[in-house]
Structures are given as C-alpha cells and as structure tokens.
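Trainee: Please take a close look with me at sulfur pairing in this model. I would then like to see how the side chains pack and pair.

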Amino acid sequence: MRLPLPQFATSDRHPSHIAEVIETNTTEFLAQCLEPEDLSFPAMPPFGSWVCAVDEESGNQVYAVVSYATTMPIDSVHRAVAMGLSLQELREEQPQIFAMLKTEFRAAIVGFSPPTQNSAATPRIYQYLPPRPPQIHQAVYRCEAEAIIKFTEELDFLRTLLSVNGAPVEALTAAAIRDVYQLRKADREWLVKAGRMLSVLLKDDYDRLRFILSQIHP
C-alpha cells in the first residue's frame, strides 16, 4: 500500500508543480498528484498533455507525454463504493473521502534538454530517451507553453509515441498533436508537417494513419 505523499503548503509550490515521481524506468515514470488544500480531487493532467521533470543528478530537463491517469483509494485492499451523493454533498457529509483517494498518471518520456553552461545560451533539445529518467521523489511540472512549442519544432518525438507500450498509441499520438496544435494557436503549417511525418512513419499501415488523422480536428 502506498502512503500519501507528505504535503506542503500550496503557496510554497510553483503553480506548475503538480506531482511527484513514485516509480520510474528508462522509458516512462509514474507520478502521484499533489493534494489540493481544499476538498477536491487533485488535478488530473489531461491525456496527451505535456509534463516535465528534472533529473537532479545530471541536470537534464526530461519531457514526457501523459499516457494514462487514474484516481483510486490509497488503500489498495478496499475499493471505493458508490455513495449516491454529489461532490458538494460529499464535501459536506463525507469530507474524509477526499483524503482516502490518490490520483496518479503515467508519462511516456519523449526527449530531454541538458543544462547549459551559459545562461544566455539556447538550450539544446534531444528527441530521444535521456541517459536516465527522473528519479523517485523528484518534482513533476506541467510544461510551459513556450517550452512545448520549442520542443515540437522537430517531430521525431512522434516515432517515440507510436512505440509506447501499454497505451492506446494512436489515441495518444493524436491527443499530443491536438494539444500542441492548440498551443501553437492553430498553426496549420505545423499540423501539415506533423501529418507528413506520420505518413512517413506509418507508410506501410494506412489504417493506423487514417485512425490517427481522424482524431485530429484542425
């Protein structure tokens, strides 16, 4: 059974600090969302959204895409039961419920940016797996829009998403593209470029390509 993470005052956290790594491996990490101060569920990051974490030993900024999320009881022995109450009624009548639940998400690693020696230098971005993933108990942040836009100038990350294990990769790829497309304020030129990259990667599998493109709405 996993115990709740020790929580600190929300005012002490960066507003984009949403979770903490609790399991990690070469290709992905599992993070537990930090609890809000009020009686509500932790904010579950959307499927296909972008998160990042720093590997403190190397200084690498690791980029990842959320491939799965779940809310469940902290006690893995007992399942949640239907209460027949609205969220507001739960807050008033069963407030302890919120302390008994946890929200976790898996994120597929798609690239990294090493630290720069010169603060004025432009960070380099590599769209392949870093030497090591972020370690347990390291902070996970929502990626800033500017960082995602810069990271997705190149599209090799699509190859990584299409090979993620244990996830609906077609839906995941489409969701990540939709997220970037919105952040780029409907940049149709970028969307066409992404579609062409997908057609190269899936040139022998038209059905998968068509399925992904059908989920992208310009």
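Mentor: The sulfur of Cys52 has its closest cysteine sulfur in Cys143, at 3.7 Å, which is too far for a bond; a disulfide requires two cysteine sulfur atoms within 2.5 Å. This is a predicted model, in which local features need pLDDT of at least 70 and side-chain atom pairs count only at pLDDT 80 or more, while totals for chains, interfaces and linings use all residues. Residues are numbered from 1 along each chain as its sequence is written, and side-chain values use heavy atoms, with hydrogens and water left out.

For Cys33, the closest cysteine sulfur is that of Cys52, 14 Å away, again too far for a bond. A search of the whole structure accordingly gives 0 disulfides. Cys52 is buried, at 7% relative accessible area, and Cys33 is buried too, at 2%. (Buried means under 20% relative accessible area, exposed over 50%, and partly exposed in between, with a 1.4 Å probe and protein chains only.)

Let us turn to packing. A nonpolar core is a set of buried Ala, Val, Leu, Ile, Met, Phe, Trp, Tyr and Cys residues joined through side-chain atoms within 4.5 Å. The largest such core holds 31 residues, and Trp50, Val110, Phe157, Leu161 and Trp190 have the most contacts inside it. Elements giving two or more residues to this core include strand E3 (50-55), strand E5 (101-113) and helix H5 (169-183); helices (H or I, at least four residues) and strands (E, at least two) are DSSP runs numbered from the N terminus. H5 contributes the most, with 7 residues. Another core, of 15 residues, lies apart from it, with Ala19, Val21, Ala31 and Phe105 among its members.

Charged side chains come next. A salt bridge places a side-chain nitrogen of Lys or Arg within 4 Å of a carboxyl oxygen of Asp or Glu, and the count comes to 7. One of them joins Arg106 to Glu23, at 3.9 Å from N to O. Arg106 lies in strand E5 and Glu23 in strand E1 (residues 17-24), so this pair ties together parts 83 residues apart in sequence. Arg106 also bridges to Glu28, with the closest N and O atoms 3.3 Å apart. Here strand E5 is linked to strand E2 (residues 28-33), the partners being 78 residues apart. Arg208 and Glu170 form a further bridge, at 2.7 Å between the closest N and O atoms. Since Arg208 is in helix H7 and Glu170 in helix H5, that pair ties together parts 38 residues apart in sequence. Through shared partners, salt bridges join Glu23, Glu28 and Arg106 into one network.
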